[in-house]
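Visitor: I have a model open and a few quick questions. Can you walk me through it?

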Amino acid sequence: MLYIFIAVLLVLAAMNLFMLFVLRQMVRLTGKQVERDAGRLFGMYDELIEKRSRQLEELELEMERIGRLPGLSGSADTGAEKNPLPVQLSAGTKAAPYQDESFSRTYRKIKTEFSFSPGQLARALKDQEEESEAEKALRQTLNSLEELLDFDNLYRLSVLSSEQQETLLKELFSREEAALFHQWGQTQGSRDIVRFADWVKAEKERLDGKMTVQIPASTLAAAPADSGDICYQEDSSICEGARIVYKGRMYDYSI
């Protein structure tokens, strides 16, 4: 009797597992069919909207042409008072705003034009903006200046008079370093060596900085992981596309 009871339980368990498998297959197939039908219906709906929009535009053009015909101007309606069609609105109800029928076409065009990978765009721009010989020379000069103008040397220079600083800097600076200091002094109207050291650090950080790619929140999840030289940031002001900031310059490919 016990064996019969165990056999019945095994049969019931097998039947339940089979029914669960059948139900899962039915749900999966039904979901795929619904997705296919929804895509087909949305496509038909877009085509219908475009067709109605074209018909409306043709009708408006025809009405304008008829209105310009002789005898159909405002003087032909003398003695006939035109009354506007009555519009019955319930209390507190406002008329609906004008709806642009071409919105779907414009929006689809925007989505198509701005459909690109921000990561690929950033890489292409980075490859295109390879460091020039002038930037390489500037980087080398900034590196040597940053090592020379450390805290100890800046302190020793800052306690000297302007004439003593000028004399010592002529001995310390190379020709490239002296030219950069002179150019900075003419631009800033200052010979302050501490401010110049701060500028050297900021300029070096600008050249060594990462490329920043600003994208909308909807595409941030699909963005590639931050690499060593490119980082991605969310920008709520961007609707489509991307904005890239690199070496103090901005490249805007967004709306």
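Guide: We can go from the overall layout to one helix, then the salt bridges and a surface patch. Keep in mind that this is a predicted model.

Visitor: Fine. How many helices and strands are there in the protein chain?

Guide: The protein chain has 9 helices and 4 strands.

Visitor: In what order do the elements run from the N terminus on?

Guide: The order is α-α-α-α-α-α-α-α-β-α-β-β-β.

Visitor: What share of the residues is buried?

Guide: Of the 255 residues in the protein chain, 21% are buried. The chain exposes about 19600 Å². Carbon and sulfur atoms supply 59% of that area.

Visitor: And contacts between residues at least 6 apart in sequence: what part of them joins residues at least 24 apart?

Guide: That part is 58%.

Visitor: Let's pick a helix. What is the span of α8?

Guide: Helix α8 covers residues 193–208, which is 16 residues. From first C-alpha to last, α8 reaches 22 Å. That is close to the 22 Å expected at 1.5 Å a residue.

Visitor: Which residues of α8 are buried?

Guide: I193, F196, A197, V200, E203, K204 and L207 are the buried ones in α8.

Visitor: Where do they sit around the axis of α8?

Guide: Looking down the axis, the buried residues of α8 fall within an arc of 125°, so they line one face of the helix.

Visitor: Why would residues three or four places apart point the same way?

Guide: An α-helix has 3.6 residues a turn, so residues at that spacing point the same way.

Visitor: What covers the buried residues of α8?

Guide: The cover includes α4 (133–148), α5 (151–158), α6 (162–172) and α7 (175–188).

Visitor: New topic. How many salt bridges does a search of the whole structure find?

Guide: The search finds 5 salt bridges. One of them joins the side chains of E146 and K204, at 3.7 Å from N to O.

Visitor: What does that pair tie together?

Guide: E146 is in helix α4 and K204 is in helix α8, so the pair ties together parts 58 residues apart in sequence.

Visitor: K204 again. Is it buried or exposed?

Guide: K204 counts as buried, because its relative accessibility is 18% and the cut-off is under 20%.

Visitor: Which residue forms a salt bridge with R191?

Guide: That is E166, with the closest N and O atoms 3.1 Å apart. This pair links distant parts of the chain, 25 residues apart. E166 is in helix α6, while R191 is in the loop between α7 and α8.

Visitor: How accessible are E166 and R191?

Guide: E166 has a relative accessible area of 27%, so it is partly exposed. R191 is at 36%, so it also counts as partly exposed.

Visitor: What about D235 and R243?

Guide: Their side chains meet in a salt bridge, at 2.9 Å from N to O. Both D235 and R243 are buried.

Visitor: Which residues do salt bridges that share partners join into one network?

Guide: The network holds D235, R243 and D252.

Visitor: Last one, the surface. Which residues make the nonpolar patch?

Guide: M1, L2, I4, F5, I6, V8, L9, L10, V11, L12 and M15 make a nonpolar surface patch of about 1200 Å².

Visitor: Where is V11 placed, and what is its relative accessibility?

Guide: V11 is in helix α1, residues 2–67. At 48% relative accessibility, V11 counts as partly exposed.

Definitions and conventions: Residues are numbered from 1 along each chain as its sequence is written. This is a predicted model: local features need pLDDT of at least 70, side-chain atom pairs count only at pLDDT 80 or more; totals for chains, interfaces and linings use all residues. Side-chain values use heavy atoms; hydrogens and water are left out. Patches are made of residues with over 30% relative accessible area and no salt bridge: like charges are joined within 9 Å, nonpolar side chains (Val, Leu, Ile, Met, Phe, Trp, Tyr) within 5 Å. Accessible areas come from the Shrake-Rupley method with a 1.4 Å probe; for residues, only the protein chains shown count as cover. A salt bridge is a side-chain nitrogen of Lys or Arg within 4 Å of a carboxyl oxygen of Asp or Glu. Helices (H or I, at least four residues) and strands (E, at least two) are DSSP runs, numbered from the N terminus. Buried means under 20% relative accessible area, exposed over 50%, partly exposed in between (1.4 Å probe, protein chains only). The expected span of a helix is 1.5 Å times one less than its number of residues. The arc is that of the directions from the helix axis to the C-beta atoms. Contact means heavy atoms within 4.5 Å.
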